[in-house]
Amino acid sequence: MREIPRRFEILVVPQHAEGHDLAHLTEVAIRSAVVEATGETGASGYPRYAGSGMVADIDPETRTVEALLVDGFELDYGLSARVVVPRDEQADRPRTPEPDD
């Protein structure tokens, strides 16, 4: 099994924004937070991450949010959560060459 990431950024976005690229999701996010692994396993069985008022169980393999509380509450209908690499870490990652490079 791969190493579990220590940090993720969670973007809370309107559901109509699903399927768009990262730049668009970042623009339309109504809230975002960088969350860090707590070392605990959530009720969902996935690692728990917390930070800036958000507590989430995240599948690190698929980056799926399995459970999420924002300021102690579940998301309202019409909102969804997306997991991305924190913006400050995106610039540090080496670029993966495209097949045409």
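What share of the 101 residues in the protein is buried? The figure is 29%, where buried stands for under 20% relative accessible area, exposed for over 50%, and partly exposed for what lies in between, with a 1.4 Å probe and protein chains only.

Before I go on, a word on the basis: this is a predicted model, in which local features need a pLDDT of at least 70, side-chain atom pairs count only at pLDDT 80 or more, and totals for chains, interfaces and linings use all residues. Residues are numbered from 1 along each chain as its sequence is written, and side-chain values use heavy atoms, with hydrogens and water left out.

As for confidence, pLDDT is the predictor's own confidence in each residue, on a range from 0 to 100, and its mean over the protein is 88, with 86% of the residues reaching 70 or more. Residues 94-101, however, have a pLDDT below 50, and in the model this stretch has one contact beyond near neighbours in sequence, a contact being heavy atoms within 4.5 Å. Taking contacts in the protein between residues at least 6 apart in sequence, 44% join residues at least 24 apart.

Let me turn to the fold. The protein has two helices and six strands, which are DSSP runs numbered from the N terminus, helices being H or I with at least four residues and strands being E with at least two. Read from the N terminus, the elements follow the order β-α-β-β-β-β-β-α.

The six strands make an open sheet with antiparallel pairing and the order 5-4-3-2-1-6, where two strands pair if DSSP finds at least two bridges between them. Strand 5 and strand 6 are at the edges with a single partner strand each, so one side of each has no neighbour in the sheet. On average, neighbouring strands of this sheet are turned by 30° against each other, direction ignored; the axes here are lines fitted to C-alpha atoms, for helices over the stretch in contact, and angles run from 0 to 180 degrees between N-to-C directions.

Within this sheet, strand 1 and strand 2 are joined in the antiparallel sense by six bridges, and along that pairing Glu9 is opposite Val34, while Ile10 is opposite Ala33. Strand 2 also pairs with strand 3, residues 47-51, again in the antiparallel sense and over three bridges, with Thr41 opposite Pro47. Five residues lie between strand 2 and strand 3 in this hairpin, and Gly45 in the turn has a positive phi of about 95°.

That brings me to the charged pairs. A salt bridge here is a side-chain nitrogen of Lys or Arg within 4 Å of a carboxyl oxygen of Asp or Glu, and by this rule there are three salt bridges. One of them joins the side chains of Arg7 and Asp88 at 3.0 Å, N to O; since Arg7 belongs to strand 1 (residues 7-14) and Asp88 to helix 2 (residues 87-90), the pair ties together parts 81 residues apart in sequence. Arg7 itself is partly exposed, at 23% relative accessibility.

Another joins Arg31 and Asp71 at 2.7 Å, N to O. Arg31 is in strand 2 (residues 31-41) and Asp71 in the loop between strand 5 (64-70) and strand 6 (79-84), so this pair ties together parts that are 40 residues apart in sequence. Arg31 is partly exposed at 28%, and Asp71 is partly exposed at 46%.

There is also the pair of Asp57 and Arg48, whose closest N and O atoms are 2.9 Å apart. Here Asp57 is buried, with a relative accessible area of 3%, whereas Arg48 is partly exposed at 24%.
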